[in-house]
Amino acid sequence: MPLTAFVVSGVQKLVLYETRARYFLVGSNNAQTKHRVLKIDRTEPRDLVVIDDKHVYSQQEVRELLGRLDLGNRTKIGQKGSSGLSRAVSAFGIVGFVRFLEGYYIILITKRRKVADIGGHSIYKIEDTNMIYIPNDSVRVTHPDEARYLRMFQNVDLSSNFYFSYSYDLSHSLQYNLTLLRIPCEPAEVEGLHSSCSKQDSFDIFEDEGLPTQVVHGLKNEPYAKYVWNSRLLERIKDTVHPDWLMYIIHGFCGQSKLLIYGRPVYVTLIARRSSRFAGTRFLKRGSNCEGDVANEVETEQIIHDASVMSFTAGSYSSYVQVRGSVPLYWSQDISTMMPKPPIRLDQADPYAHVAALHFDQMLQRFGSPIIILNLVKKREKRKHEKILSEELYRAIINLNQFLSPEHCIDYIAWDMARYTKSKLCNVLDRLGMIAENVVKRTGFYINRSDFHCHTLRPDERWGDLGGLVIAHGRLQTGVLRTNCVDCLDRTNTAQFMVGKCALAYQLYALGMIDKPKLQFDTDCVRLFEELYEDHGDTLSLQYGGSQLVHRVKTYRKIAPWTQHSKDIMQTLSRYYSNAFSDADRQDAINLFLQVYQPSESKPHLWELPTDFYLHQRNTMALPQERRSYTYWWSDGVLSYLPLPYDEVPCEKNKKKVLVKRVNRYEESTDMYTEFFKPYELTSFDDTFCIAMTNSAREFMPKSVGLDPSPFTVRKPEETGKSVLGNKSNKEEAVLQRKTAASAPPPPSEEQISSSSEDDSEEDREDDATASQRSTPIKLAESGDNVRTQEEHQQQPARETYGLNLSALPRDEDLFIYHRFAHLGQNQHKVERRDQSTDLQKTLENVISLVPVSSFDGDSIYEMMPPRVDLESRNLFENHIHAGQGLIRPLCREDLLLYREYLKNRYM
């Protein structure tokens with residue numbers, strides 16, 4: 001069977017040239033050896049005319065073409081002063097074309113940044129874009145509302161968390177992409193699927209020599225439309241231009257870090273794909289629409305691979321996928337009351353769980369079985385709030401499961417995480433770890449390598465119980481965990497981190513990196529993974545809720561620094577402000593960007609609509625021709641392949657989604673070596689992405705000599721490069737912070753801080769006092785360490801502390817004031833009410849004489865007379881004010897002598 005490889009896009013660098021009548025978009029590959037030209041008409045005021053001749057130009061040919069265009073568009077023949085063809089902008093890809101009420105705009109990516117690398121396939125983040133109006137000014141038909149739509153469209157910041165790749169399909173999982181490479185392609189299928197290939201695309205350099213042809217099947221599959229955010233923007237040109245011009249972007253998060261295991265690089269990648277269907281902001285998008293698409297649906301995939309081998313076919317790659325999303329019911333929250341926790345209401349009765357059936361049918365097609373639901377909303381409340389969703393979801397799953405076979409039933413796990421957080425006897429993360437272990441054993445994970453010999457030499461009993469599907473060349477993940485709370489933000493992110501941590505241990509064990517599938521907290525590996533997940537959670541929370549996470553993993557571990565509680569309060573206020581005042585504008589921008597609403601002069605404007613309900617519920621406006629069965633609620637063919645996901649089965653329907661191109665083995669479009677290493681460029685080793693990315697040895701490993709460099713060794717907080725107390729790596733600063741926390745009153749617990757819907761209900765507030773006593777925000781040092789540290793501070797000479805020697809003892813008056821202050825602090829709780837006849841001397845025998853020490857002449861709860869300030873104090877204060885304004889008085893002799901004495905004691 002011939003080798004298979006992903007096709008690298010032939011359009012990676014673009015230059016837009018401008019004439020009065022047309023735009024010419026010249027695209028080239030990375031090496032700039034092959035070029036394509038796109039012609040865009042500028043004489044049409046409202047229509048989009050794009051012409052692609054499908055021809056591949058060499059560098060010399062495209063120069064000659066541009067020269068002829070320049071010569072032909074000059075004002076006078078032979079004139080050299082004014083060019084007829086001007087260069088407008090350089091870019092790296094086309095986001096799409098959009099039209100409001102006037103003509104079309106083209107959106108180009110003008111700045112990018114590499115954020116990850118998977119098997120040599122680079123993943124880029126969009127850093128900046130440029131939106132260019134296509135029609136010429138001479139034919140432009142102006143509209144008064146065009147500028148408002150343009151501002152609204154640009155409210156979707158394309159420079160924040162939009163990602164793309166020229167060769168790797170980000171809308172699908174690694175398991176789907178690598179399974180695609182192993183699907184056999186028959187020659188007939190190749191010709192049939194890609195009959196439009198030109199002879200130039202399939203040119204063979206060995207054809208004239210009589211040597212055997214070295215053939216590679218280049219694959220290019222359709223993206224998963226649910227996670228593509230610019231599919232509507234490319235809809236007008238999709239069928240008229242070459243596929244290399246089409247670049248699909250995803251929205252969510254992408255982060256990558258390097259785990260060094262005794263010098264061996266292992267890349268840990270986290271990719272989150274946000275659904276473009278029923279997308280929106282927190283209180284404006286809840287539950288599900290009538291097509292089974294839920295709000296805040298995000299698919300999170302963690303990819304672990306040995307970076308010492310780059311190739312997908314020769315390297316070792318592993319991935320694990322989990323999902324979060326709103327409860328799949330018809331429900332919403334009324335935000336008109338301006339309450340921190342608006343009441344939850346069920347908008348429609350759904351006795352046959354029709355909308356839940358549509359949602360879980362999508363999941364069975366994409367992930368297979370079992371589908372495991374981890375529901376973290378509250379179950380016991382004095383007044384029903386979150387409990388409404390728990391009861392309705394449980395009924396829907398019971399109804400759907402009665403029509404499925406027992407081995408493929410939907411598993412439902414309900415766990416009140418907020419209540420467990422307050423319990424004295426239960427550790428939240430321990431309980432989540434038990435759930436995660438059971439989930440990973442049920443679903444398994446993906447790896448493209450069969451078991452290593454070390455698994456036979458050092459067997460582990462948990463490895464034998466692992467689920468999924470074992471195949472000849474590795475394992476497949478079958479099924480998925482779906483986690484939800486009310487917002488799917490704070491609690492959900494912590495639960496997903498614990499499941500990801502458990503899966504990470506199994507993945508590293510499968511790759512032969514550790515001897516048992518178990519990872520401990522406070523190791524470099526887990527800290528690196530926790531930092532990735534916190535960035536992931538903050539990013540998703542900002543997109544949906546308007547603020548970063550309120551409760552983090554450290555909060556549930558109860559090791560968060562005391563400064564974290566004030567930050568949590570600010571995040572809660574930020575989230576409330578965003579939900580109350582800016583979410584409506586953000587929702588309108590998302591609706592316009594996704595083309596859910598398309599402006600037209602015959603329709604009311606977007607800002608005039610009372611609701612966007614009918615924009616996201618399209619099926620409610622039309623009578624269905626065929627009503628879906630309530631008992632046979634899954635799609636045809638899905639059950640016959642379970643537990644395998646239907647989308648990954650090599651059936652005829654799925655093969656039609658793949659374009660296959662028969663090319664030479666050394667063709668640039670499939671040569672990942674040239675694409676990644678770029679031998680035609682002079683590059684600096686220090687500027688490469690693998691050097692600049694987060695590194696466990698540089699960021700987390702202790703700098704002390706003699707400690708174990710293994711990233712799986714449990715370390716104390718002060719031993720690591722990044723302490724759990726913050727970014728302070730200095731040991732003295734960590735000790736000082738712990739001392740400050742020890743002397744401060746205990747901070748309020750995490751349940752008391754926030755008023756968001758992630759908080760506790762009114763019924764649980766009676767336990768807040770005990771919860772705040774139980775929470776230990778800082779892990780205090782041992783008593784022996786405290787005594788030793790105090791002795792060290794006492795033994796420090798005064799010269800090191802103050803810069804000069806304090807030879808004279810304090811005056812007797814100062815010592816008397818200090819002793820009186822200390823005595824007052826010791827005896828402040830010993831005053832008791834006695835009968836007035838009791839002897840005054842006996843009453844105050846343990847109390848000092850309470851003589852007023854205030855400097856105020858009159859000082860009571862009713863009035864207060866300020867003290868008189870003497871002339872010397874006034875002069876001192878005025879000199880201080882003048883110094884702040886830059887008016888410094890000349891130094892006298894006493895000042896110079898004092899400063900000279902200070903320098904001598906300090907430095908000499």
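Guide: Two strands pair if DSSP finds at least two bridges between them; strands (E, at least two residues) and helices (H or I, at least four) are DSSP runs, numbered from the N terminus. This is a predicted model, where local features need pLDDT of at least 70 and side-chain atom pairs pLDDT 80 or more, while totals for chains, interfaces and linings use all residues. Residues are numbered from 1 along each chain as its sequence is written, and side-chain values use heavy atoms, without hydrogens and water.

Visitor: Start with β18. Which strand do five bridges join to it?

Guide: Strand β23, residues 480-484, runs parallel to β18 and is joined to it by five bridges.

Visitor: How many residues of β18 are buried?

Guide: Five of the five residues in β18 (371-375) are buried, so the strand is largely enclosed by the rest of the structure. Buried means under 20% relative accessible area (1.4 Å probe, protein chains only).

Visitor: Which way do they point?

Guide: Ile371, Ile373 and Asn375 go one way from β18, and Ile372 and Leu374 go the other way.

Visitor: Different topic. What is the strand order in the open sheet of five?

Guide: The order is β5-β4-β3-β2-β6, paired antiparallel. On average, neighbouring strands are turned by 20° against each other, direction ignored.

Visitor: How many bridges between β2 and β6?

Guide: Five, in the antiparallel sense, with β2 covering residues 13-18. Leu16 has Val89 in β6 as its bridge partner.

Visitor: Which helix packs on that sheet?

Guide: Helix α1, residues 59-72, touches β2, β3 (22-28) and β4 (35-41), and its direction makes about 25° with that of β4. Contact is heavy atoms within 4.5 Å. Angles run from 0 to 180 degrees between N-to-C directions, and axes are lines fitted to C-alpha atoms, for helices over the stretch in contact.

Visitor: Last one: at what angle do α8 and α11 pack?

Guide: About 55°, with the axes of α8 (428-443) and α11 (490-510) 8 Å apart.

Visitor: Which residues meet there?

Guide: From α8, Leu429, Leu432, Gly433, Ala436, Glu437, Val440 and Lys441 take part. They meet Thr494, Ala495, Met498, Val499, Cys502, Ala503 and Tyr506 of α11.

Notes
Buried < 20%, exposed > 50% of the residue type's maximum accessible area, 1.4 Å probe, protein only.
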